[in-house]
Amino acid sequence: MRAIEWDEAVRCVRLLDQTQLPEREEYLDITTVDALVDAIRRLAVRGAPALGAAGALGVVVAMDEARRDGWDAARLEREVDRIRDARPTAVNLAWGVDRVRAFMGSGPEAVLAEARRLAAEDEAANRELSRLGADWILARTGREKVRVVTHCNTGALATTAWGTAYGIIHELHDRGVLGLVHADETRPLLQGARLTSWELTQDGIDHVVQADGAASSTILRGLVDVAIIGADRITANGDTANKVGSVALALACRRAGIPFVVAAPSSTVDLATATGDDIVIEERDGDEVLSVGGVRNAPAGARGFNPAFDVTPHDLVSAVATELGVVEPAREDDPRIMERVAAP
Ligand code: MRU
């Protein structure tokens, strides 16, 4: 199963529509910028590394559409910018667009080739960071079976393949050292209950889904040995933006004395941003909070507050694993610590 891929016969980006999971496995064939921007905003495709691939392949879609509809160069640039800006927090989206943009002068096939390289690199990075992250967690916890809490969805659905935080969980499972996984349901759009549980079920991994509000108590009661999350943007000092609710796990981990681990490919590291104070947090429609599964449950007139992400300060981050290594922001307090595990 791939959340995102290029179909050469149809000449489209094919997306597994994540808004329909787990009830239906439906695919969207994306051939226009409008359709891609809509899919990104509705979270039909989501998760930082998958957004990087969507951005890169989206430039091919835009170039094909420009040829079909006779756009001039300025219009094409504006449409590519619309893809780049469709969601603000995950740095991978802009990164993916910018990486292939440099090839636009050489035509759509050159852009497509670079987008495919980007996707292949993402899968390799996820597998390597999963090995490194699992090694670090086993060494730090000293457990024979590691019990894990995770938040949101970070598996194959959120990436080009394999996963980040989920990749580490999968790696621990493959090594026979994984205990029970607690997957946060992840309000308001239930990426944990709908998507992570779906992936864990398919992979035969023993898990429970818990309300987000249960996570800190699960940690303080000693029911897990580590929290592992993904990231949408990691700034130079190790501050980490991820799905709203993540920082509650970090605070509880500090109190409980267990590690809080961030897993991400180096494409999620944003060295141009010094600290989390400068991260733009996407604010989504308040109605998403006032309903569950599209059914409204708040009284008429209630207003929702719906930041999609939060920032965990680096002093609460025990480790960040990328494919280039593991750093320990909480221990070192180095304002440029992420340079060591970011692409040169
Ligand atoms: O709003 P989403 O579903 O795109 O948020 C996704 C997350 O917060 C993930 O944890 C993050 O992008 C890492 S995915 C490997």
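Modeller: The discussion below takes up domains, cores, cavities and backbone geometry in turn.

Modeller: This is a predicted model, in which local features need pLDDT of at least 70 and side-chain atom pairs count only at pLDDT 80 or more, while totals for chains, interfaces and linings use all residues. Residues are numbered from 1 along each chain as its sequence is written, and side-chain values use heavy atoms, with hydrogens and water left out.

Colleague: Into which domains is the protein chain divided?

Modeller: Domain bounds come from an automatic or database domain assignment. Here the protein chain is divided into domain 1 (4–121) and domain 2 (128–341). Their C-alpha centres lie 25 Å apart. The contact (heavy atoms within 4.5 Å) takes 24 residues from domain 1 and 28 residues from domain 2.

Colleague: How many residues does the largest nonpolar core have, and which of them have the most contacts inside it?

Modeller: In soluble globular proteins, nonpolar side chains tend to be buried together. A nonpolar core is a set of buried Ala, Val, Leu, Ile, Met, Phe, Trp, Tyr and Cys residues joined through side-chain atoms within 4.5 Å. Buried means under 20% relative accessible area, with exposed over 50% and partly exposed in between (1.4 Å probe, protein chains only). The largest such core has 39 residues, and Val13, Val59 and Leu76 have the most contacts inside it. At least two residues of this core come from each of strand S1 (4–7), strand S2 (12–16), helix H1 (33–42), helix H2 (48–69), helix H3 (73–84), helix H4 (91–101) and helix H5 (108–141). Helices (H or I, at least four residues) and strands (E, at least two) are DSSP runs, numbered from the N terminus. The largest share of this core, 13 residues, is supplied by H2.

Colleague: Which residues does Val59 touch?

Modeller: Leaving aside residues up to four places away in sequence, Val59 touches Val80, Ile83, Val97, Val100, Met104 and Val111. Apart from this core lies another, of 25 residues, among them Ile229, Ala231, Leu249 and Val320.

Colleague: Is Ala3 buried or exposed?

Modeller: Ala3 lies in the segment before S1. Ala3 counts as buried because its relative accessibility is 0%. Not counting residues up to four places away in sequence, Ala3 touches Arg14, Leu15, Leu16, Gln18, Ala156, Leu157 and Thr159.

Colleague: How many cavities of 30 Å³ or more are there?

Modeller: On a 1 Å grid over the protein atoms alone, a cavity is a set of points where a 1.4 Å probe fits but cannot get out, and lining residues have an atom within 4 Å of a point. Grid points are joined across faces, edges and corners, and a volume is the space filled by probe spheres set on the points. By this rule there are 2 cavities of 30 Å³ or more.

Colleague: Which residues of the lining lie nearest the centre of the largest cavity?

Modeller: The lining of the largest cavity has 26 residues, and Arg46, Gly47, Ala48, Asn153 and Asp232 lie nearest the centre. H2 and strand S9 (240–243) are the elements that give two or more residues to this lining, and H2 gives the most, with 3 residues. Domain 1 and domain 2 each provide at least three residues of the lining.

Colleague: How do the residues of that lining divide into nonpolar, polar and charged?

Modeller: Ala, Val, Leu, Ile, Met, Phe, Trp, Tyr, Cys and Pro count as nonpolar, Asp, Glu, Lys and Arg as charged, and the others, Gly among them, as polar. The lining of the largest cavity divides into 11 nonpolar, 10 polar and 5 charged residues. For the second largest cavity the division is 4 nonpolar, 2 polar and 4 charged; its lining includes Leu43, Arg187, Pro188 and Lys243.

Colleague: Which peptide bond is cis, with omega near 5°?

Modeller: Most residues other than glycine have a negative phi, and most peptide bonds are trans. The peptide bond from Leu21 to Pro22 is cis, with omega near 5°, and Pro22 is found in the loop between S2 and strand S3 (27–30). A cis peptide bond also joins Arg187 and Pro188, with omega about 5°.

Colleague: Where does Leu190 lie?

Modeller: Leu190 lies in the loop between S5 and H7. Phi of Leu190 is near 60°, a positive value in a residue other than glycine. Leu190 is buried, because its relative accessible area is 14%.

Key. 1 Å grid on protein atoms, 1.4 Å probe; cavity = no way out; pocket = protein on both sides within 12 Å on 5 of 7 lines; lining within 4 Å.
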